[in-house]
Each structure stands twice: as C-alpha cells, then as structure tokens.
Amino acid sequence: MSLKMTTATRQEVLSLYRSIFKLARKWQAASGQMEDTIKEKQYIINEARTLFQKNKNLTDSDLIKQCIDECTARIEIGLHYQIPYPRPIHLPPMGLTPLRGRRLQTQEKMRKLSKPVYLQSHDEVS
C-alpha cells in the first residue's frame with residue numbers, strides 16, 4: 001500500500017466533493033417549503049465539509065475506498081428518497097443478544113457489522 005492517494009483516487013474524491021456541492025445548489029426539499037430547502041442545503045454542505053475534512057489525511061486505500069462507497073451510497077439514497085439525512089437503521093438497542101459477560105462484546109461487534117455502508121461515519125460526526 002502506498003502512503004499517497006493515487007491520482008485516479010484523488011480525482012474520484014474531488015469529483016464526489018464537487019458533485020455534492022452541485023447537488024446542494026440544486027437541492028429542493030420534498031416539502032416544497034423554502035425554509036426546509038435552505039436548511040437541507042446547509043445540512044448537505046456542512047456534512048460534506050465535516051466528513052471530507054475528517055478524512056482528508058487517510059492513507060489506507062481500503063479506508064479511502066470505504067469512504068468513497070459511503071459517499072456514493074448517501075448521494076444515491078438522498079436522491080432516491082428526496083431526503084439529505086441518512087436513513088436510520090431499525091435495529092432495537094440491545095436487541096441482538098442478552099448482556100452477559102463476553103456477549104456484550106459480541107453484541108457490539110454484531111451491531112457494528114450490521115450498520116449499512118451509508119451510516120458508517122454518521123455516529124462519529126453527529
């Protein structure tokens with residue numbers, strides 16, 4: 001693995017960044033209300049800046065690919081459902097296993113594995 005991002009990866013990341021801001025400029029809230037549109041546009045811009053800033057020093061190509069996949073999934077889901085916010089997962093808290101000893105670690109691991117790709121960084125930022 002190289003310590004620098006490849007040129008192709010860098011171009012892909014920059015293209016995603018530009019497409020997010022283009023999406024924010026054209027975004028219309030599903031409610032049709034101007035204040036909702038402004039709020040959602042601002043959310044898109046702030047979320048993109050926060051996540052790209054947080055991940056700007058990543059060097060591991062697998063982590064970079066994971067972030068690109070998450071970004072792409074969030075764009076597609078946002079466009080499909082006409083909401084800029086990540087869709088929640090409906091997994092009841094502590095609903096996987098009883099909490100006894102090592103099972104707590106197992107539950108936490110299963111919860112992390114069950115998290116969709118488009119929510120990987122959501123809890124870290126929110």
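A salt bridge is a side-chain nitrogen of Lys or Arg within 4 Å of a carboxyl oxygen of Asp or Glu. By that criterion, Glu47 and Arg74 form a salt bridge, their closest N and O atoms being 2.9 Å apart. The structure is a predicted model, in which local features need pLDDT of at least 70 and side-chain atom pairs count only at pLDDT 80 or more, while totals for chains, interfaces and linings use all residues. Residues are numbered from 1 along each chain as its sequence is written, and side-chain values use heavy atoms, with hydrogens and water left out.

**Overall architecture**

- The protein contains five helices and zero strands, where helices (H or I, at least four residues) and strands (E, at least two) are DSSP runs numbered from the N terminus.
- Along the sequence, the elements follow the pattern α-α-α-α-α.
- The protein has 126 residues, of which 26% count as buried; buried means under 20% relative accessible area, exposed means over 50%, and partly exposed lies in between (1.4 Å probe, protein chains only).

**Salt bridges**

- The structure holds three salt bridges.
- Glu70 and Arg74 both belong to helix α3 and stand four residues apart, about one turn of the helix.
- Glu70 is buried, as is Arg74.
- Through shared partners, salt bridges join Glu47, Glu70 and Arg74 into one network.
- A further salt bridge brings together the side chains of Asp69 and Lys65, at 3.0 Å from N to O.
- Asp69 and Lys65 both lie in helix α3, four residues apart, about one turn of the helix.
- Asp69 counts as partly exposed because its relative accessibility is 33%, and Lys65 counts as partly exposed because its value is 44%.

**Aromatic pairs**

- Rings of Phe, Tyr and Trp (its six-membered ring) pair if their centres lie within 6.5 Å; planes under 30 degrees apart count as stacked, those over 60 as edge-to-face and the rest as tilted.
- By this rule, the count comes to three aromatic pairs.
- Tyr43 and Tyr85 form a tilted pair, at 4.6 Å centre to centre and with 55° between the planes.
- This pair links distant parts of the chain: Tyr43 is in helix α2 (residues 34–54), whereas Tyr85 is in the loop between α3 (61–81) and α4 (102–114), 42 residues apart.
- Tyr85 has a relative accessible area of 30% and is therefore partly exposed.
- Tyr17, Phe21 and Phe52 are linked into a cluster by ring pairs.

**Positive surface patch**

- Arg18, Lys22, Arg25 and Lys26 form a positive surface patch.
- Patches are made of residues with over 30% relative accessible area and no salt bridge, with like charges joined within 9 Å and nonpolar side chains (Val, Leu, Ile, Met, Phe, Trp, Tyr) within 5 Å.
- Lys and Arg count as positive and Asp and Glu as negative, while His and the chain ends are not counted.
- The place of a charge is taken as NZ of Lys, CZ of Arg, CG of Asp or CD of Glu.
- Accessible areas come from the Shrake-Rupley method with a 1.4 Å probe, and for residues only the protein chains shown count as cover.
- Lys22 lies in helix α1 (residues 7–26) and counts as partly exposed because its relative accessibility is 43%.
- Arg25 also lies in helix α1, and this residue counts as exposed because its relative accessibility is 58%.
- Arg25 and Ile38 are 13 residues apart in sequence, and their C-alpha atoms are 9.8 Å apart in space.

**Individual residues**

- Most residues other than glycine have a negative phi.
- Gln82 has a positive phi of about 60°, although it is not a glycine.
- Gln82 is found in the loop between α3 and α4 and is partly exposed, with a relative accessible area of 33%.
- Cys71 lies in helix α3 and is buried, with a relative accessible area of 12%.
- The C-alpha atoms of Cys71 and Ser121 are separated by 9.9 Å, with the two residues 50 apart along the chain.
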